[in-house]
Amino acid sequence: MDGIEPHWVWIIIGLALAALELVVPGVYLIWLAVAALVTGLLVFISDPPLAIQVISFVSLALIAAYSAKRFLRDRPIVSADPLLNNRAGRLVGETALVTKALDGGTGRVQVGDSEWMARGSDVAVGTRVRITGISGTALTVEPLTLLTGEGTAPLPED
């Protein structure tokens, strides 16, 4: 590459990796970008041979990635909505309507506009149930009882 100083090559590589970090999911290219930019700075200051430049880049990339991994392990990023992509998990605590009787512990319930497989104690069609958990792709349900403990809750008015 005649005419281009080696430090500019490393800086361009670093900026390209940083730009790719914006496009590619995950947080891993940024550490390579940091390593390339620091290598570009070192090459600008001391102009070592190409072998030392590559060793410097690889070493800095490993140090940056390992340090970031330890930092993020000790200080994890907490989501504002941890159940964002867990539709079934968001249903826990909601009520549902039994559409296929839970006979022998399995049946179907309607939650909103969709039906789900359900597991729980035997209940008849039309009974309101509360979703208590998830077991694979089936919802775990229990009958929704009134405060007095007798009967099931009436259907809500739409």
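Which residue in strand 4 is the bridge partner of alanine 96? Valine 129 is the one, and the points below lead up to that pairing.

1. A word on the model first. This is a predicted model, in which local features need pLDDT of at least 70 and side-chain atom pairs count only at pLDDT 80 or more, while totals for chains, interfaces and linings use all residues. Residues are numbered from 1 along each chain as its sequence is written, and side-chain values use heavy atoms, with hydrogens and water left out.

2. Let us start with two helices. Helix 2 covers residues 29-46 and helix 3 covers residues 50-74; helices here are DSSP runs of H or I with at least four residues, strands are runs of E with at least two, and both are numbered from the N terminus. Their axes come within 8 Å and cross at roughly 140°. Axes are lines fitted to C-alpha atoms, for helices over the stretch in contact, and angles run from 0 to 180 degrees between N-to-C directions.

3. Contact means heavy atoms within 4.5 Å. The residues of this contact divide into 13 nonpolar, 3 polar and no charged. In this count, Ala, Val, Leu, Ile, Met, Phe, Trp, Tyr, Cys and Pro are nonpolar, Asp, Glu, Lys and Arg are charged, and the others, Gly among them, are polar.

4. Threonine 39, in helix 2, is worth a look. With 1% relative accessibility, threonine 39 counts as buried (buried means under 20% relative accessible area, exposed over 50%, and partly exposed in between, with a 1.4 Å probe and protein chains only). Leaving out residues up to four places away in sequence, threonine 39 touches Trp10, Gln53, Ser56, Phe57 and Leu60. Its C-alpha atom is separated by 9.5 Å from that of valine 58, 19 residues apart along the chain.

5. Glutamine 53 sits in helix 3 and counts as buried at 5% relative accessibility. Beyond its neighbours within four places in sequence, glutamine 53 is in contact with Pro6, Trp10, Thr39, Val43 and Pro48.

6. Histidine 7 belongs to helix 1, residues 6-23. Histidine 7 is buried too, at 11% relative accessibility, and touches Gly40, Val43 and Phe44, again without residues up to four places away in sequence.

7. Now to the strands. A closed barrel of 5 strands runs 1-2-3-5-4, with mixed pairing; the twist averages 50° from one strand to the next. Two strands pair if DSSP finds at least two bridges between them.

8. Strand 1 (residues 95-103) and strand 4 (residues 128-135) run antiparallel and are joined by 3 bridges. Besides alanine 96 with valine 129, leucine 97 stands opposite arginine 128 in strand 4.

9. Strand 1 also pairs with strand 2 (residues 106-111), in the antiparallel sense over 4 bridges. Here lysine 100 stands opposite arginine 108. The two strands form a hairpin with 2 residues between them, and glycine 104 in the turn has a positive phi of about 75°.
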